[in-house]
Amino acid sequence: MAEAKKAGCIAGAVALMGAIGALLTGIADFGGLFKSAGDSPPGSSSSPAAPGATQPQAANTPAAPATVYYQGHLEFGRFNFDLKPPKRTGDTYVWGGGGVFESYHDAAKLAVWTSSGTPDRAACASAVDEQGKTYISGTEKGNHVCGRTAEGRVFRLDVTGVAETSDGGATGDVTVWDK
């Protein structure tokens, strides 16, 4: 009998604590009604997050668009896409010609886009993660070549022309996104 009475007291205390918590939450929410227009909106915390805590992104908030680092048309030679504008620097570059694109000295990982449409930054990054290589062949006019530079920039080459011989160059429109 003493055990049952003790269990009843504990259950009552837990229920009382829950009611007090709900009351305090209601008071805090009620206080939020009297904030000025410049304050944070009701339901948001006005105090900074604890160190190391991350704020989850709202479910309906779109991700920030990728920022373009460089965009332009290139007559293909040897380019380092970490530079703005892309240009040859020493032995680290991407070369394109005769349907081939090749990365020298870890300038980039490359992948031909095999799906329909034009890939955006996220799609190119995914393609490189799945199939990135330093040498790709068989590219044709109209192909999209995705890449990731040594410094982590994602880029897309929209191939506008390919020479018939392996020593001829390629032409293309390039978009390089910020890291």
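Biologist: What should I know before I start?

Modeller: The model is predicted, so local features need pLDDT of at least 70 and side-chain atom pairs count only at pLDDT 80 or more, while totals for chains, interfaces and linings use all residues. Residues are numbered from 1 along each chain as its sequence is written, and side-chain values use heavy atoms, with hydrogens and water left out.

Biologist: Which residues of helix α2 are buried?

Modeller: An α-helix has 3.6 residues a turn, so residues three or four places apart point the same way. Helices (H or I, at least four residues) and strands (E, at least two) are DSSP runs, numbered from the N terminus. Buried means under 20% relative accessible area, exposed over 50%, and partly exposed in between (1.4 Å probe, protein chains only). In α2, which spans residues 121-131, the buried ones are A123, C124, A125, A127 and V128. They pack against β5 (108-112), β7 (144-149) and β8 (154-162), where contact means heavy atoms within 4.5 Å.

Biologist: What caps the N-terminal end of α2?

Modeller: D120 does, with a side-chain oxygen 3.3 Å from the backbone nitrogen of A122.

Biologist: Which cysteines does the disulfide join?

Modeller: A disulfide is a covalent bond between the sulfur atoms of two cysteines. The search takes pairs of cysteine sulfur atoms within 2.5 Å, and in the whole structure it finds one disulfide. C124 is joined to C146, with S to S at 2.1 Å. The link is left-handed, at -55 degrees about the S-S bond. C124 lies in helix α2 and C146 in strand β7, so the pair ties together parts that are 22 residues apart in sequence. C124 is buried at 0% relative accessible area, and C146 counts as buried at 0% too.

Biologist: Is N80 buried or exposed?

Modeller: N80 is buried, with a relative accessible area of 11%. Its place is in the loop between β2 (78-79) and β3 (93-97). Leaving aside neighbours within four places in sequence, N80 is in contact with P86, K87, T89, T92 and Y93.

Biologist: What is the order of the strands in the open sheet?

Modeller: Strands of a sheet pair through backbone hydrogen bonds, either parallel or antiparallel. Two strands pair if DSSP finds at least two bridges between them. Here the open sheet of four strands runs β2-β3-β4-β6, with antiparallel pairing. Its edge strands are β2 and β6 (135-136), each pairing on one side only. β3 and β4 (residues 100-104) pair over five bridges; G96, for example, has F101 in β4 as its bridge partner.

Methods: A polar contact is a pair of N or O atoms within 3.5 Å; within protein, one must be able to donate a hydrogen and the other to accept it, and residues adjacent in sequence count only if both atoms are side-chain atoms.
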